[in-house]
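Here is a short briefing to read alongside the coordinates.

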Amino acid sequence: MPPHATKDVPASTAPAAAMPSQSLDDALAAARPFLRGEEDQVDPALPELAAVLRAAGAGECWHKHGTFLAHLLDVHRILRLWRAPDAVARCGLYHSAYSNSYVNLAIFDPGTGRAHVAAVVGAPAERLVHLFCVVPRQQLIHDDLLFHYTDDDLAADLARSEASLRDARRGVFDDAEPWRRKIQHLLPPAGITVKHIRTGEDVALSRRVAAAFLLMTMADFSDQLFDWQDRLFDNTNGRLEFRGNTWTSLWPGTGKPGLWVSSISRMGALYTLIVREEQIYIAHRAHAATGQEAITDRDEDIELVIPPVFDGCTKVLNADDQKAARDLYWEAVCNGDEATEWRKVEQLLQQSIAKNPFVGEPHLVLAQVYLNMERYGEAQKQAEEGLKLLLEWGSSWDKRMPWEGWVSWGRAMLTKAKDKDWPHTSFGIINLGLVK
């Protein structure tokens with residue numbers, strides 16, 4: 001074999017790839033089973049999985065933005081839209097069922113209920129659920145991984161890793177590259193050991209399981225965070241460091257979008273670095289001479305998928321830009337009822353989008369402004385962009401309305417923009433709803 005060539009990589013260890021850019025029609029087709037309540041088309045077992053959660057009382061438990069059951073179903077939806085493998089998506093569905101380091105929601109007894117849960121979700125998913133519920137996730141995700149990087153570090157390492165990946169595809173490898181050495185130090189190929197949150201015993205985590213938990217945390221946080229948690233943890237700088245302790249904050253707060261997007265963008269960038277290091281590690285192993293001792297228990301059957309958000313998890317949103325964008329958006333949605341304000345609201349929303357182009361709701365509000373002004377072409381463009389972003393997220397940023405509500409409103413506006421027909425009476429507005 002030529003020195004630059006690589007051997008075929010087994011399907012179970014094939015390198016993960018970024019989710020290809022979807023058209024709006026493709027994104028809507030992927031989301032339609034969730035919009036129509038036909039989730040069994042995505043996972044035939046889902047009705048039974050959800051019924052077990054209901055019977056266990058998940059629908060009666062409070063959880064941040066609603067009920068525990070609603071949160072579990074939402075996280076599952078997000079992971080499915082991100083094309084996570086079955087075990088990871090089902091873990092998302094049951095991710096706190098034994099209680100974990102963030103919440104006390106043990107609807108199943110981890111001492112006696114594991115066999116029951118495994119019989120429902122499958123052994124691979126139950127293993128992930130159990131691990132997810134015993135690891136110190138705050139420490140793992142933030143202290144041990146994320147807080148070792150500045151925004152500039154992540155941006156620079158993303159650029160370097162892209163070049164390294166191109167080299168690896170040509171059979172050129174350099175284990176001494178700084179970005180790779182950092183990942184290898186934080187998450188070695190053989191995995192890490194963390195402490196069980198209840199017993200203090202050592203818990204082994206493979207690098208892929210740690211990466212999967214980072215992905216799940218992105219989905220988990222995006223579904224539940226809004227401004228109430230910002231007040232609870234004094235997240236005024238938007239860095240989501242969980243440093244504050246304003247336990248007296250009154251729920252549910254103002255309903256303003258939370259300052260969580262920057263932190264999730266950082267998680268996505270770090271996740272991409274881990275995935276790229278995995279790709280290079282596997283390619284190098286395949287390229288190396290035969291006889292090299294392989295590391296076992298690496299969970300290489302877990303596919304690492306890259307979500308479409310933040311341009312395929314390759315962009316980092318500055319915390320200050322995030323806050324400015326949120327405040328501009330909030331000023332816009334708290335005004336704009338009168339025609340004399342439309343131009344000002346348009347400018348506010350344009351400025352908000354420029355600072356944070358990664359969420360959909362500002363586009364949809366701007367679409368309505370353009371419909372009010374009968375600027376139908378611009379309304380269509382904004383409605384399409386906002387819808388696509390919302391469908392890619394699988395959750396809403398402005399949680400005053402649920403994801404499904406934002407999607408259906410966006411589709412209703414898109415239909416009317418294409419028809420160049422927008423009502424000019426209050427009864428005409430409330431008569432809207434049909435989508436095409």
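How many residues does α12 have, and how far does the helix reach from its first C-alpha to its last? The answer is 27 residues and 39 Å, close to the 39 Å expected at 1.5 Å a residue. Please keep in mind that this is a predicted model.

**Two helices**

- Helix α12 (261-287) is mostly covered, with 25 of its 27 residues buried.
- Helix α14 spans residues 319-333, and its 15 residues reach 21 Å from first C-alpha to last, close to the 21 Å expected at 1.5 Å a residue.
- In general, an α-helix has 3.6 residues a turn, so residues three or four places apart point the same way.

**Backbone details in loops**

- Trp 251 and Pro 252 are joined by a cis peptide bond, with omega at about 5°.
- Pro 252 sits in the loop that runs between α11 (227-232) and α12.
- Lys 64 is not a glycine, yet its phi is positive, at about 50°.
- This lysine, Lys 64, belongs to the loop between β1 (62-63) and β2 (66-67), and Lys 64 counts as buried because its relative accessibility is 16%, under the 20% cut-off.
- Arg 83 also has a positive phi, near 65°, in a residue other than glycine.
- The loop holding Arg 83 lies between α3 (68-81) and α4 (86-93), and at 44% relative accessibility Arg 83 counts as partly exposed.

**Cysteines**

- The disulfide count comes to zero.
- For Cys 61, the nearest cysteine sulfur is that of Cys 133, 14 Å away, so Cys 61 is in no disulfide under a cut-off of 2.5 Å.
- Is Cys 61 buried or partly exposed? With 22% relative accessibility, Cys 61 counts as partly exposed.
- Cys 91 is in no disulfide either, and the nearest cysteine sulfur, again that of Cys 133, is 7.5 Å away.
- Cys 91 is buried, and its relative accessible area is 0%.

Terms used. Residues are numbered from 1 along each chain as its sequence is written. This is a predicted model: local features need pLDDT of at least 70, side-chain atom pairs count only at pLDDT 80 or more; totals for chains, interfaces and linings use all residues. Side-chain values use heavy atoms; hydrogens and water are left out. Buried means under 20% relative accessible area, exposed over 50%, partly exposed in between (1.4 Å probe, protein chains only). Helices (H or I, at least four residues) and strands (E, at least two) are DSSP runs, numbered from the N terminus. The expected span of a helix is 1.5 Å times one less than its number of residues.
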